Amino acid sequence: MQLIDTHVHVNFDVFQPDIEAVRSRWQEAGVVRLVHSCVEPSEFKSIQSLANRFPEMSFAVGLHPLDAEKWNQQTAEEIVSLAGCDSKVVAIGETGLDFYKADNKEQQRHAFETQLAIATELNLPVIIHCRNAATEVREVLQKWKQLKGESVRGVMHCWGGSPEETQWFVELDFYISFSGTVTFKSAKQIQESAACVPSDRLLIETDCPFLAPVPKRGERRNEPAYVRYVAEQVAKLRSESLSAIADVTTQNACDLFGLTV
Ligand SMILES: [Zn+2]
């Protein structure tokens, strides 16, 4: 069985002491490719060196909406130059909108729209972080589609929306990626969404070190090997086999990010 974890942050300090052991466990779990996400430019070098060290790892470059105050011309140039010259860069992100506690909505929107432009220019997909902002993210993507005549390609990562919101993004040709939150007992809405996403739009991720899935919930650190628990839960919710979910999500990740396995 082959799995792809489409969203990891293993450059964080919490992985420093034992990254090789963590890697052995993802290999044992069948994780054959990983897409390393990026929060802000100071991380570019550390992520790039991890991707050089581990052949199975590709990465994204971008600025997280919660860091939107760091957006400037230099950030944009750094993203463009790294994405343009390193073939291991397979996406722009994570970008998006996080309105949970935001007092900088306009700044977030500007950084998001500019990263959509960069992704389009470089013909790369975007990794979208969306929290308390589904209506606004949809508006931005719809506006973009009208302006350009076609959708940006991308994924709604660590998806937490309702089935109705899920449908909005499926209609915009987006992939929908589920994380450990889909295993949480209280997450009925996320589970309903996971059950209704069309097979050719479905992705899985850990978003590690955050959000360890059941039965590892409560561990201080999530890790890529645990994407298997996400796959098992999605399989259960859709009344499909684990191997069917592994096959379809692996194929989808290859299609979106241009990976081969
Ligand atoms: Zn992330």
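Is Q233 buried or exposed? With a relative accessibility of 13%, Q233 counts as buried, where buried means under 20% relative accessible area, exposed means over 50%, and partly exposed lies in between (1.4 Å probe, protein chains only). This is a predicted model, in which local features need pLDDT of at least 70, side-chain atom pairs count only at pLDDT 80 or more, and totals for chains, interfaces and linings use all residues. Residues are numbered from 1 along each chain as its sequence is written, and side-chain values use heavy atoms, with hydrogens and water left out.

Q233 lies in helix α8; helices (H or I, at least four residues) and strands (E, at least two) are DSSP runs numbered from the N terminus. Q233 touches V182, T183 and Q191, residues up to four places away in sequence not being counted; contact means heavy atoms within 4.5 Å.

In helix α7 (residues 188-196), the buried residues are I190, Q191, S193 and A194. They cover an arc of only 160° around the axis, which puts them on the same side of α7; the arc is that of the directions from the helix axis to the C-beta atoms. These buried residues pack against α6 (163-171), β7 (175-178) and α8.

**Helix α3**

Helix α3 (residues 73-85) has 13 residues and reaches 18 Å from its first C-alpha to its last, close to the 18 Å expected at 1.5 Å a residue; the expected span is 1.5 Å times one less than the number of residues. Its buried residues are T75, A76, I79, L82 and A83. Viewed down the axis, they fall within an arc of 145° and so line one face of α3. Among the elements that cover them are α2 (44-53), β3 (57-61), β4 and α4 (105-122). The face turned away from the buried side carries the exposed residues Q73, Q74, G84 and C85.

**Nonpolar cores**

A nonpolar core is a set of buried Ala, Val, Leu, Ile, Met, Phe, Trp, Tyr and Cys residues joined through side-chain atoms within 4.5 Å. The largest such core has 72 residues, of which V137, L141, F169 and F178 touch the most other members. A second, separate core of 14 residues includes I4, Y175, C254 and F257.

**Zinc site**

The protein donors of the zinc ion are H7 (NE2), H9 (NE2), E94 (OE) and D207 (OD), lying 2.1 to 2.8 Å from it. Donors are N, O and S atoms within 2.8 Å of the metal (3.2 Å for Na, K and Ca); water is not among the atoms, so sites may look incomplete. The 4 donor atoms subtend angles of 88 to 178°, which makes the arrangement irregular. E94 lies in strand β4 (residues 89-98) and D207 in the loop between β8 (202-204) and α8 (227-237), so the pair ties together parts that are 113 residues apart in sequence. E94 is buried at 2% relative accessible area, and D207 is likewise buried at 8%.

**Backbone features**

Most residues other than glycine have a negative phi, and most peptide bonds are trans. The table lists departures from this pattern.

| Site | Feature | Value |
|---|---|---|
| G93 to E94 | cis peptide bond | omega near 10° |
| C208 to P209 | cis peptide bond | omega about 15° |
| C158 | positive phi | phi near 45° |
| L211 | positive phi | phi near 60° |

C158 lies in the loop between β6 (154-156) and α6 and is buried at 18% relative accessibility. L211, in the loop between β8 and α8, is partly exposed at 32%.

Terms used. Tetrahedral: all angles 85-135°; square planar, octahedral: opposite > 155°, others 65-115°.
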